[in-house]
Each structure stands twice: as C-alpha cells, then as structure tokens.
Protein chains: 2
Amino acid sequence: MKTQLELARAGTVSAAMQSAASAERVPVSQVVAELAAGRAVLPANPAHTALAPGIVGRAFRTKVNANIGRSTERSDDETELAKLKVALAAGADCVMDLSVGPNLASLRKAMLAQCAAPFGTVPIYEAVSRTGGAVEAFDPEVLFSVIAEQAEQGVDFMTLHGGILKAHVPLALKRLAGIVSRGGAILAAWMMEHRQENPLYTRFDEVLAVCQAHDVTISLGDGLRPGCQADASDEAQFAELDTLGELVARCRARGVQVMVEGPGHVPFGQIQMNVERATRVCAGAPFYVLGPVVTDVAPGYDHITSCIGATAAAYYGAALLCYVTPAEHLGLPTEKEVHEGLMAYRIAAHAADVARNLPGARDWDDAMTRARIKFDWDGQFKLALDGDHARKRFRQTSPTFAEALDHCSMCGAEFCAMRTSQKLAQKLSG
Amino acid sequence: MKTQLELARAGTVSAAMQSAASAERVPVSQVVAELAAGRAVLPANPAHTALAPGIVGRAFRTKVNANIGRSTERSDDETELAKLKVALAAGADCVMDLSVGPNLASLRKAMLAQCAAPFGTVPIYEAVSRTGGAVEAFDPEVLFSVIAEQAEQGVDFMTLHGGILKAHVPLALKRLAGIVSRGGAILAAWMMEHRQENPLYTRFDEVLAVCQAHDVTISLGDGLRPGCQADASDEAQFAELDTLGELVARCRARGVQVMVEGPGHVPFGQIQMNVERATRVCAGAPFYVLGPVVTDVAPGYDHITSCIGATAAAYYGAALLCYVTPAEHLGLPTEKEVHEGLMAYRIAAHAADVARNLPGARDWDDAMTRARIKFDWDGQFKLALDGDHARKRFRQTSPTFAEALDHCSMCGAEFCAMRTSQKLAQKLSG
C-alpha cells in the first residue's frame, strides 16, 4: 500500500485528496503539491471506514483538534462517546482519544465507527494501561504491539514521543515544573531506570514500517513541552525539537506522513519565535500546538488563556490547534466544557485565517456584518459560530425581534450608531 | 490649580503620584518622568474624593477598564450600581459610566461616591439625553455645559470625539459597517445636517480650559473606529487618527492630560501596525483600545474574540484595555457578564505584561506553578485570578483535596506527569 505522501509524490490523485480539495475549495493540484512537499498531511487510515478525510497544513484552513477520553478515576465509555458527539457537532476537525484504563480497544472501535473526522491516539497510554497502569511497569514491547494493533484498527494519527532522549531528561528536571507531558514523563522515568535510550527513538524504523503499511500519520510528541511560563523556550524544549527535526526527515524518507507537536505554556511574545523555529527545524512539517497557554494564573479560564496563544500560533505558522477546555489543570472536562473549548478554538483558528488573508476566510465575517447592519437578527444567529447560544442571549434582553428591527437594547434606538450612520448615508445619497 | 501633568513637569511630587508609585512598586521618579513626558496619565479629578489614584501608561502594569451604564431601554440605577460593585470586585482598574436617559447626574454622584477607581464618562451621551434623546436635537451648547458640570462633579476622564471632521464622514459612510461609535455617529449626523465642523474640534480650547481647571484627563475618542474586519485600517480611521495626533499636541500645550482611544474590530495581523501607528502619530500618548475584536462571527463570545486582540494590543503598546463582555453585539451586559468580561481582560492585560517582561509580572505565574507542582490546591485557588470559580470547578470533579494530594482527576495518579517527573527528580538527586 502507498501512503498519501507516496501517492502525492507520484502525482497520483487519491479519493481522499479529492475530498480534501473540495472541502477546502482549492484545486486538487494544490493538495497534491502540499502533501508531496510534506507541508501538509492527510491522516486517512484505510481501515477507518467512517472517515471523511481532512487535510492539515499551512496552505489550508487552520484546524482544531478536540481531546476526549476517560481517566483512570473518572468517566466511562458512554460519557466519552457522548463527548465525541458534542465535539463533532461543535466542529472539531479531528479528535484524539486519550483514554487510559481497561478495555481501550472496544471504546476506540465504537469511537472510530462514529467519527467522520481524523482520529488520533497516544499509544503509550494504552501500553501503560495494559501493564497494570503503573509507570514503572512500562514495557516497550507492549508499546510496539499497541502501535501495530491501533494501526490495524484504523487510527489515523498517533502521538509518538520519539524525540525525548536520555540526555534531555536532566535538562528538564532542572525546570520549575519539570516534565508535564504524560508520555514524556513515562519515557523519561523508563530511560533513567533502565539506563537505556528512548525505544521510540532507537526502534523508530519499526514504527515507520507499521505507519507506512497503514498510512498512519505520525504526530511527533513534545514530551518536554514547557508546563509553565518560566520553563518556556528552554534548553530541554529545543534539544528535543532538534531530535524531532531529525525524525521528520526519517519519516519522509520512508514515505510516512508526519506532523510535529509544540508547546504548551509560552509567553505571548515568544510564540512567533517558537513557531518559526519549529517550522525551520522540522523543514516545514505541519505544526500542531497545544494552546499555548500565555499565563498560568487563571485556572478555570484556560480555554481563554490558551486560545489567545493559539491565535498567535496559527497566525505565525501552526496548522492544527489542540483545544484546551475550561477544566484544564482542574479535572476531566464535561460535555459542556468540550463545547466551550471548541468555541474558543474555532474562534482562534478562524481569526488567524482572517488575519493571514486565507482566501475566502473573511467572507464569513463580512456576511455577519451585512446581517448585523440590517438588524437581521435571525440571519446573524444562522451565521453565528454558536447560533443557539447567541439567540438565547439576545432573547434574554430582547424577547422579540420586532422590538429590535432597527437597533438593539445595548444602546437603544436613539443611541444606535449603526442606525444613525445608515440614516445619514441614505440622506446623503438621496 | 495645576494638573498632574503640570506638576510633573515642574518636578513636583503629588500625593496621587506617590500613591500610584507605591501601587506599581516603582520609584516615584519614574511616575513623574512618564507623566511629564505625556507617556502616562494619572486621572485624578480633585472633586472625586473617593479616588485611589491609578496610573495609565506603558511603563506600568496594563490596566483594564469596565464599561457600565443603563441604556434607554434597559436597566436602572440600582442595577448599574450593583454592576459597579461587581466590576471593582473583579479588579477593574477604571470604570466608565455610559448611561443615557434621564437623571444621569444623580446616578453619577452615587457612582463617584462608591468608586475608588478612576471614573470616566462620554459627555455627549448626557448632552443628547438632555435634549430629549433624539440625535437630531443634539446641541453643542448643551454638550459644553455637560462637560463643565461633569468636570465639577468629579469625573476623572472623559471620552471626547474631537478628531472626527466633516471631511472624514463620507470616507466612513463608504464602509461595510459605516460608523459604529455612538458619539461619532451623532457628531457626523450633526456636521452633515448643519454643514459645520465638529464643535469639539473648533472649540477645543474651551474644552481644554475646563479640563485644565479640574484636571480632567481627556480620552480622545475614535468616532470612526472600524466596526468589522472589512473596515479595519481604512482611510476614515487613519484620517481621524491624524487629527487626534494634532489634538494630543494641543492638550499637552495646555497642560491637560490626554490618552487616545483605538479600534474596535481589527484582524489579528493588523494590530501591531495599528498600535505602533497610533503611538507614533500621537507622540507616545497612552493608547486605550476597545478589544480589538479579531473576528465578527462569534456573537455571545466577544469577550473571547476581543481579549485575543487586546493581548496583542497590550503587548505591542496599548496601556489601557476596555473590556468587552459576552453580551457585546447582543444586549446590555448582566452582572455575571461584567465579571466574565473582566476575567477575560485581566488575563489579556497580565499575559501581555508577562510577555513584555514587565518587572515582577511573572512572579504571579511562578507562584501558581509552585503551588501546582506541590498539588497545593488551596494555594492555587488563593492565587488564582478567580479562585472561587476554580475551586468550584475543581470540587465538581474532586470533592475533597485528600484524594488529590499528589495528582488530579484529569490524568489520574498513575498518569500524572508532574507526579512521575517529581518522583524521578527525587530519585536522581537522592
């Protein structure tokens, strides 16, 4: 079998490429060119039969990922399947199941059947879950089995922390917050305990063989992403990044699609540098950021602290944004929080697309403005990112549209600037 | 009487300057220098006896303003006084009363008595309210009376739209959204109707005399701020900005403190240019932005769409951020929405201060990180921007602290990266 990368290099147009091109409203030749150059990925495992393929890359609409999944202490399959529905309804472009605990394959099977969006996992979570859940029991052999099984099952992309090396660990342990990536922490503990190099690095060729065979897109995890403002852009982070750049080249050499994960927690003013450096070191591979969170002081509002960073990241070069919910740093998100996280991140993604003049992006804003100046409330709610929410809020103050035909209750009729402005324009043109 | 600007120029240290310096934890000489250069303002009308003065300028902590006030159709004095309390409790650095309708002086008197933060108004709202509320009845004489009365009453700063000129109006009416500033629309309609220039411009010396006598800080309003992405950075906006630059010089020549208001709705990628241009044209006068909103498609979430822009604006040079609530574009905000707006904007202001390395700004984040890595939940909630909110959310998933002594329910104990990382650090150092 050939991966989408190999097909694109050969100039072959796949059904997935056609579908992505039509979703993006671009010529398929652009999809082929971006894939062939490695600047975009089209995560589409043929075994994921429910998939409607979507493309992730800088030339296209900025995408949003939603993380769901049960922890060892909270939630169950039914709840997480409900969250999957909420995430897709709220416009998630891809979904990752981060579940840990028993019977992950059956939950994943149900999710894959219901998920038309590209579906991702972090196989080390299942590997640790299978060996009893204790970090100390982590077994690389189990991890390689899990990767193969998940690839067969239809997972479209996998986070693999191949870039954290033994030499990086002491750099990270000097930090204020240490290692905050679950996968990174597990691998670091194993490397130090066994005095061996990261198996995902030393046996990366095995990983590549599996991913090539099933066209699984590798999302190179940043196990040493900073977990607070103080740790951002440090030696540990950039040492791992250099290794990720090396792995990108190895993925491409094997025809495996690859994207790269980025921080984390980063002060607003360091985001441009981070995105540009990652893009350079990783030779233009699509950059997939978590947030970044731009201040650590607002637990309960981390969908906001991070969507600020996500907008900047997407403007400066990220292609995929991993949402953060209001529950971040406090607990596992509820369905409502999944929805809120997606709204914040769809704002970030779209605002970045408008800012970078992505063709057609501002049309949505302009249509909203046209409805707004006509006081066409119904039209505004139909166009709105979250029409139900906006309609409900509007009705709370203005129970009927009739009383708001040429103004709203915020300023009142006499003080409505748009009303005054429009009357003036009519008068001057009449 | 001398204004704080005149005092600073004379090298006189006022009580207000002392108080501002101690609030900012900077030497008072820095406060004096910034004020004397016009790069900061200290809005402190001596008649506002309840005031605890605060300084607005680039050398200091980024400040947040909360707009409250009744419209002609909604709310009442009691509700708006309740919102004032909410705004101050949520950390508003200054408050503007945008009320319209009858009996504004008595509401303002009550607000001034209860408001320790600098208090601002938009006098044209009261002027129009007094002449019956119809824009057509706007009378410049009434406006000048209102300015004088409000100055006597103790208003610390006033938005005055002196920069919108007759020649600018046709430029703005060509736009998709036209004029969206209430003050701007009223003045534009009056200028076109009477074929006369903006009285706030032609009689600016009268304004200056009043503001000098009462040390009212002028906030030069941007009557032609863009109201949608499509209209940002256009000829109308920048024509008005040039006039504002001229008025800044006239304020300074008369010893009147002045800041400048900015857009509005601006694509993320144009914010740096906008802030830098305004700062240049207005010779470093403190820049006071509304938002900016970075996409028009998300009514109901405009505290988010705009705090993204506000973070960028503050990072690139704005000194004061006017909050936007989730009710923006839909209705008058409730108390809860006033709180939500302030939380979003305090995040924006602080994130910008961290990013621009304002001395001491990151200490708050670092303290939070130290509490976080110790799993000191109580400590985190005490430090949090909104501790009650964070505590409530945490307890929803983890009813007791006891079960979260070394992990939280988001990942569970076995998968807690911080727990693994810390055990590893202890092991390696032990």
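Between chain B and chain A there are 6 salt bridges, and this count comes from a predicted model. One of these links joins K423(B) to E136(A), with 3.6 Å between the closest N and O atoms. The points below describe the contact between the chains, then the symmetry that relates them, and finally the nonpolar core.

**The contact between the chains**
- By class, the side of chain B that touches chain A is made up of 61 nonpolar, 29 polar and 19 charged residues.
- The contact draws 109 residues from chain B and 110 residues from chain A, and the area buried between the two chains is about 8,900 Å², with carbon and sulfur atoms giving 66% of it.
- Polar contacts between chain B and chain A amount to 19 residue pairs, counted where both residues have pLDDT 80 or more.

**Symmetry**
- Chain B is superposed on chain A by a rotation of 180 degrees with 0.0 Å of shift along the axis, and the RMSD is 0.0 Å, which is the relation of a two-fold axis.
- Within chain B, the C-alpha nearest the axis belongs to I308(B), and it lies 2.4 Å from that axis.
- Because 100% of the interface residues of chain B are also interface residues in chain A, the copies meet through the same surface.

**The nonpolar core**
- In soluble globular proteins, nonpolar side chains tend to be buried together.
- The largest nonpolar core here has 244 residues, and among them I218(A) and I218(B) touch the most other members.
- When neighbours within four places in sequence are left aside, the residues in contact with I218(A) include M158(A), L160(A), F204(A), V207(A) and L208(A), and also C251(A), V256(A) and M259(A).

Key:
Residues are numbered from 1 along each chain as its sequence is written. Chains are lettered from A and ligands numbered from 1 in the order in which they are written. This is a predicted model: local features need pLDDT of at least 70, side-chain atom pairs count only at pLDDT 80 or more; totals for chains, interfaces and linings use all residues. Side-chain values use heavy atoms; hydrogens and water are left out. A nonpolar core is a set of buried Ala, Val, Leu, Ile, Met, Phe, Trp, Tyr and Cys residues joined through side-chain atoms within 4.5 Å. Buried means under 20% relative accessible area, exposed over 50%, partly exposed in between (1.4 Å probe, protein chains only). Contact means heavy atoms within 4.5 Å. Buried area is the accessible area (1.4 Å probe) that two parts lose on being put together, summed over both. A salt bridge is a side-chain nitrogen of Lys or Arg within 4 Å of a carboxyl oxygen of Asp or Glu. A polar contact is a pair of N or O atoms within 3.5 Å; within protein, one must be able to donate a hydrogen and the other to accept it, and residues adjacent in sequence count only if both atoms are side-chain atoms. Ala, Val, Leu, Ile, Met, Phe, Trp, Tyr, Cys and Pro count as nonpolar, Asp, Glu, Lys and Arg as charged, and the others, Gly among them, as polar. Copies are superposed by least squares on the C-alpha atoms of residues with pLDDT of at least 70 in both.
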